[in-house]
Amino acid sequence: MNDEPLRSLKGIGEKTEKLFAKVGVTTLRQLLHYYPREYDQYTSPVSIAAVRPGTKCAVRGMITHSPSVKGNQRKSVILLELTENHVRLQLTWFNMPFLRSTLKKGASYVFRGKVQEKSGRLVMEQPEVFTLGAYEEMISHLQPVYGLTKGLTSKMVGKAVRQLLESRALEQEYLPEEIREENGLCEINFALEQIHFPDNPDMLQKARRRLVFDEFFFFLLAMRRLKAQTEDIPNAFPIQAVWTTEEVIENLPFPLTNAQMRVWNEIENDMKSCSRMARLVQGDVGSGKTVLAFLAMILASENGYQSALMVPTEVLARQHYESLCRLLEENHLEACAARLLTGSTTAKEKRQIYRELADGTCRMVIGTHALIQEKVRYHNLALVITDEQHRFGVRQRTALAEKGEPPNVLVMSATPIPRTLAIILYGDLSISVIDELPAKRLPIKNCVVNTNYRPNAYRFIQRQVEQGRQAYVICPMVEESEGMDAENVLDYTERLRHALPDTICVRYLHGKMKPSEKNEIMEQFARNEIQVLVSTTVVEVGVNVPNATVMMVENAERFGLAQLHQLRGRVGRGEYQSYCIFVQGTSDEATGKRLDILNHSNDGFLIANEDLKLRGSGDLLGTRQSGDMEFAIADIFRDSEELVRASQAAGKLLAEDPELKAPEHTLLREALEDFTALSHHDIGI
Ligand code: ADP
Ligand code: MG
């Protein structure tokens, strides 16, 4: 029933359905699990005299005269002025002519919005309007704010969810009673209802805990079943050590660090051993993981085998491909015939590459998900490496493992998680840690500032560009989104173009662009044809432009520290002094204190843990700690206790009923299948 399309809800037609599809919601079940991104706490109205520019607030006001309307039918502005004790507040609405007749003379309303000071006047633009009764109702509950796209509002999503919640029994409880009791978990329908429309923060916490548990639990069940299928497999690709890799290491423009050397030995030993390699290499940003991947590929190739390096974005694929080709050329290893295979490879090129992979001429391939599409057949794929692996799902890994004899698997990750958690999350992998950064790197200089500092920051960026360097500016949002008080890439790019001289090329990059556009922009940035790149966190994943020396992050308070640390890792990769400017969009002290941790440490593990300590466990509405693992609601740092609990529960359950065949586990098995099928639950391991 929950697989029914959205259109089965009242008031949702083709147009709205398309909007929902843009955020990945096409079925009723997906809607149900489209959890709010955050919650809005509506506060009591304040007096107009107490209104402060730059803040969001609600004011109460009586309509003493009809609002005035300017402009024409297509472009109208409604103006209304509220006065209280001689303080005036102007309200303006654009293109909402119907409001004029809605706002009744003599009646009182609550207006809510962000207050700004414009030419000495207090202005509230596009405020929400409530009757007094309706506003009372809003205050009493936390209001959900959803991830949106243009044309879709939180109200629309909320309305659809409410209709769904009211109209039918949603899920049958699938978690066995015993597991729920042992872990103190609330019932599933209660959790779903409260996650969308919490009665109070306590209920929200209960609901969240249940959904977090489920997400970890299903993830771990899926992974352990995968592990059971792939465990203790003999190495079908016997490999001998070769001189070539030693020579390549000798020829590198830098000596490998001790940590890199140690991990390389571990990889080499695994590949030579008689059981299949399954290893995770964990190393902070900039610790030099890529070169180890290349060495492993060269080792495979010298033994006559194929290897594939899979990465989450085309941009990264192309970059790795170019560095690999350079390395092969320098060492006269062009015979490996490395190829790049991504979504934007032309059909003709693809056919050619498929042929070369099938007959074994091509021994190295780098690419995105395109590597595991059905049509790809390998001659003797002996090694699969996933870089920044967390974005690859259980399904993709299974798919690759099914292409011939199970290959050796190497997984690279920069996510700084403690060993105990890594063992749970990557249960089937041995773990290597690169715990040392290459020497001779200048430490990055950081500052945490407020928005007043922007003009200085822009001047600073301009000077860096004049010295030949480049800069990233990160905004949390792609486009303006109702209810979200945060900078967005599109508007910011415009503003920055005005703030910087015309000679500086400012372009933007975000996840909603076509892959080919993203490539183009990223390549231009790598060639320094673009000097300032305004972007969402898509650049977080592994991109390497050593000439970039400034990382400016807007609304830094909206990112987890671990994520900010990853972003910071995009600079300081070359010989130049690099700088990070974290701009705080809010003025509260706690945020400042949190961000200050980044000033004092360059250690990813430590940063994530300090952040958690400062927030405490009650911090529900806060930012996610890490954008890495694509869990819909769970956060590996914040919810580490729940992860441990889910791991114990999964272990116990599978010990009793490995196939989940017992009749009392039927619902659970079905829920697990739904979980693995849901795209946004396609979590990497
Ligand atoms: P990450 O671990 O974040 O993937 P990369 O592999 O992209 O890091 O390496 C970051 C940069 O450091 C690259 O430009 C790479 O060539 C360089 N690098 C790697 N190892 C060393 C080393 N031992 N000494 C100096 N530079 C190195
Ligand atoms: Mg990397």
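An oxygen atom of ligand 1 lies 2.7 Å from a polar backbone atom of Gly 286. This is a predicted model, in which local features need pLDDT of at least 70, side-chain atom pairs count only at pLDDT 80 or more, and totals for chains, interfaces and linings use all residues. Residues are numbered from 1 along each chain as its sequence is written, chains are lettered from A and ligands numbered from 1 in the order in which they are written, and side-chain values use heavy atoms, with hydrogens and water left out.

**Ligand 1: contacts and cover**
- A polar backbone atom of Gly 288 is 3.0 Å from an oxygen atom of ligand 1.
- The side chain of Lys 289 places an N or O atom 2.8 Å from a ligand 1 oxygen.
- The protein covers 84% of the 570 Å² of accessible area that ligand 1 has on its own (Shrake-Rupley method, 1.4 Å probe).

**Cysteines**
- The whole structure has 0 disulfides (a pair of cysteine sulfur atoms within 2.5 Å).
- For Cys 325, the nearest cysteine sulfur is that of Cys 336, 9.9 Å away.
- Cys 325 is partly exposed, at 23% relative accessible area (buried is under 20%, exposed over 50%, partly exposed in between; 1.4 Å probe, protein chains only).
- For Cys 447, the nearest cysteine sulfur belongs to Cys 580, 8.5 Å away.
- Cys 447 is partly exposed, with a relative accessible area of 24%.

Note on methods
A polar contact is a pair of N or O atoms within 3.5 Å; within protein, one must be able to donate a hydrogen and the other to accept it, and residues adjacent in sequence count only if both atoms are side-chain atoms.
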